[in-house]
Amino acid sequence: MNNSPGDRHDGVSRRGFLTGTGAVAAAAAGLQAELKQATAQPRVDDTNPMGPAPVLLQLTVNGRSLTTHVEPRVTLLDALRNYLDVTGCKRVCDRATCGACTVMVNGRTVYACTMLALEARGCDIRTAEALVRGGKLDPVPTAFVDCDAQQCGFCTPGFVVSLRAALDRNPRATPEELEAAVSGNICRCGTYEQMRHAIVQLCQKGG
Amino acid sequence: MKNFTYYQPTSLSGVLKVLDEAAGKAEILAGGTDLLDRMKEYISQPEKVVSLVGFSGPFKEISSIAGHPPTVTIGAGVKLVNIAESELLRPYPALTSAAAQIAGPQIRNMGTLGGSLCQRNRCWYFRDEHVQCLLKGGRRCFAHDGENQYHAIFTQGHPCVIVHPSTLAPPLMVLGATCDIRSHKAQRQIPIEQLFQAPVKDGQREHTLAPNELLVSVTIAPKIPPGATLRNASYEVKQKETSDWPIVQASVAYYTEAGGQVAKGVRIALGHVAPTPLLSPAAAKVLEGQEVNEKTASAAAEAAVEGARPLSQNAYKVQQLKVAVRRAILLASGAKPYWEG
Ligand SMILES: Cc1cc2nc3c(=O)[nH]c(=O)nc-3n(C[C@H](O)[C@H](O)[C@H](O)COP(=O)(O)OP(=O)(O)OC[C@H]3O[C@@H](n4cnc5c(N)ncnc54)[C@H](O)[C@@H]3O)c2cc1C
Ligand code: FES
Ligand code: FES
């Protein structure tokens, strides 16, 4: 689910419930005005300081422009999950080792837990939520569903984003190459064998 | 993580200006794969963080690979993945294979050359917020008689027995690299060996840069006579095939003259075995002027471990280092890797 401030939803999400719709709409209007002002101002200082107080953050996530305010120390992962309600990417180790937070930045996979949100401005960010095309599930998560390639599923958004990025770069990737592409992702439930089956299915169907 | 003022300068002079004015209270942020981890653990608490992303796009010197082999310059902001995949760097498998071996795809997509060379060590005592080791103002290095299975084996004269963490340092050392270093008012070039030091107290790092200095680029310029063929390779011993730090690493470079098989101008460097990446003149001397084969490679490997003084839990690394040196030499010669069956 991807309900950022300003979005309208028919159902009530956990976060939408917490934030309250009226306040969100007002905040969104304020943000837009601030954004216009920020982009209109010429830069006077080429060192470009920001913070430590919260600063305006605009990100392009799954093709949509989202805005909020964050302190400089907020990571891309926390900005996505806690400020923008893009919760596909998961927080597990928070130390660049498990891959649960994997997102694509300009087509390359990164650990969102180890990148500052401010560093991702102007980039094309894609998360597991992007793996739907015209209401149809992308072939990568489809293969995971077909092959029962998850147990708790907490690692899955990271794995599918890594695989999608690898297939986008090379739709003819071999199973070995796809396994290498997920070598920065860990599954604590150990569902690797089923993921191997999913990878074989993906290679047979050409990504 | 403690909060900070974030700077995203749009020019090199902007970066150097912030560093100069910060007087040691700033950290440079490249890919962040080391720095953010340290900040989350409160090992580093900079007041200012100076990002390189703002100017790495338009500013070619820090973000591009340029030149004509044998002389190629790599910007400090170049990502590990781009080193691994570079066409221009193909003559240097010692470097490209080492870059391709580092961690997993996400780290290689984020991490940079400058960050790899300037990162801090991974000793678990140093990385523990609650342990006051020698490098954090304490009185002793706990690894000496503590958990030290991944620590240094060349320990003599070292009060702190970390291993230098960079997997790119040994290949760059054997390829005769020099560093271009700049500060607000000055610029200097040093051989890459001089970039590293063994820290012994708080405030010292594993590199020799002053707090206001930026590593801008590294230039590879192996010394080979015209017409000669450069041969080079690296070999890492790891616990897992991917996504792991090397336990030991060896990089080798030498040249052969037209038609000949004799190794000349041999350079051998050892990684992850001492507080700095180590050149091994002893091993190089054994191979110099010899035809490369399993026998001469093994002899050089024996010489490489001379002087090793392992700790209580890491004598196994001595044997592994011999294996790494032997295999790196054989890989450089183009021999078929016998260990792959
Ligand atoms: C799971 C994992 C596995 C890893 N495995 C390896 C490995 O096998 N081998 C290896 O070598 N590394 C490894 N690393 C370490 C490291 O993250 C990478 O080497 C990476 O290249 C660091 O680059 P960065 O740009 O992310 O550094 P950053 O975190 O941005 O910077 C690291 C330090 O270097 C300084 N710095 C950065 N650029 C410059 C510059 N141009 N001039 C002066 N100072 C600078 C920064 O101020 C900072 O203190 C691993 C990291 C993780 C998390
Ligand atoms: S949460 Fe980012 S790598 Fe584990
Ligand atoms: S399915 Fe549970 S961690 Fe991978």
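Reader: What is the strand order of the open sheet of four strands?

Author: Strands here are DSSP runs of E of at least two residues, helices are runs of H or I of at least four residues, and both are numbered from the N terminus. Two strands pair if DSSP finds at least two bridges between them. In this predicted model, the open sheet has the order 1(A)-1(B)-3(B)-2(B), and its pairing is mixed. Strand 1 (49-50) of chain A and strand 2 of chain B are the edge strands, each pairing on one side only. Within the sheet, strand 1 (residues 5-7) of chain B runs parallel to strand 3 (residues 48-51) of chain B, joined by three bridges. B:Tyr7 is placed opposite B:Val50 of strand 3 of chain B.

Reader: How many residues of strand 8 of chain B are buried?

Author: Buried means under 20% relative accessible area, exposed means over 50%, and partly exposed lies in between, with a 1.4 Å probe and protein chains only. Seven of the seven residues of strand 8 of chain B are buried, so this strand is largely enclosed by the rest of the structure. Strand 5 (residues 71-75) of chain B runs antiparallel to strand 8 of chain B, with four bridges, and B:Gly75 has B:Ser217 as its bridge partner. Strand 6 (residues 178-182) of chain B also pairs with strand 8 of chain B in the antiparallel sense, over five bridges; here B:Arg182 is partnered by B:Leu214.

Reader: Which residue takes a positive phi in the hairpin of strand 11 and strand 12 of chain B?

Author: That residue is B:His272, with phi near 65 degrees, in a hairpin that has six residues between the strands. Strand 11 of chain B and strand 12 (residues 278-279) of chain B are antiparallel over two bridges, with B:Leu270 opposite B:Leu278.

Reader: Why is the site of ligand 1 shared between chains?

Author: A residue is near a molecule if one of its heavy atoms lies within 4 Å of it. Residues from chains A and B surround ligand 1, so the site is shared between them. The shell has 35 residues, of which B:Glu27, B:Ile28, B:Thr33, B:Thr112 and B:Thr167 come nearest. Helix 8 of chain B gives the most, with four residues.

Reader: Which side-chain and backbone atoms lie close to the oxygen and nitrogen atoms of ligand 1?

Author: A polar contact is a pair of N or O atoms within 3.5 Å; within protein, one must be able to donate a hydrogen and the other to accept it, and residues adjacent in sequence count only if both atoms are side-chain atoms. A polar backbone atom of B:Gly31 is 2.7 Å from an oxygen atom of ligand 1, and a polar side-chain atom of B:Arg38 lies 2.7 Å from an oxygen atom of the ligand. For a nitrogen atom of ligand 1, an N or O atom in the side chain of B:Thr167 is 2.6 Å away. On its own, ligand 1 has 970 Å² of accessible area, and the protein covers 97% of that; such areas come from the Shrake-Rupley method with a 1.4 Å probe, and for residues only the protein chains shown count as cover.

Technical notes. Residues numbered from 1 in each chain as written. Chains lettered and ligands numbered in written order. Predicted model: local features only at pLDDT ≥ 70, side-chain atom pairs only at ≥ 80, totals over all residues. Heavy atoms only, no water.
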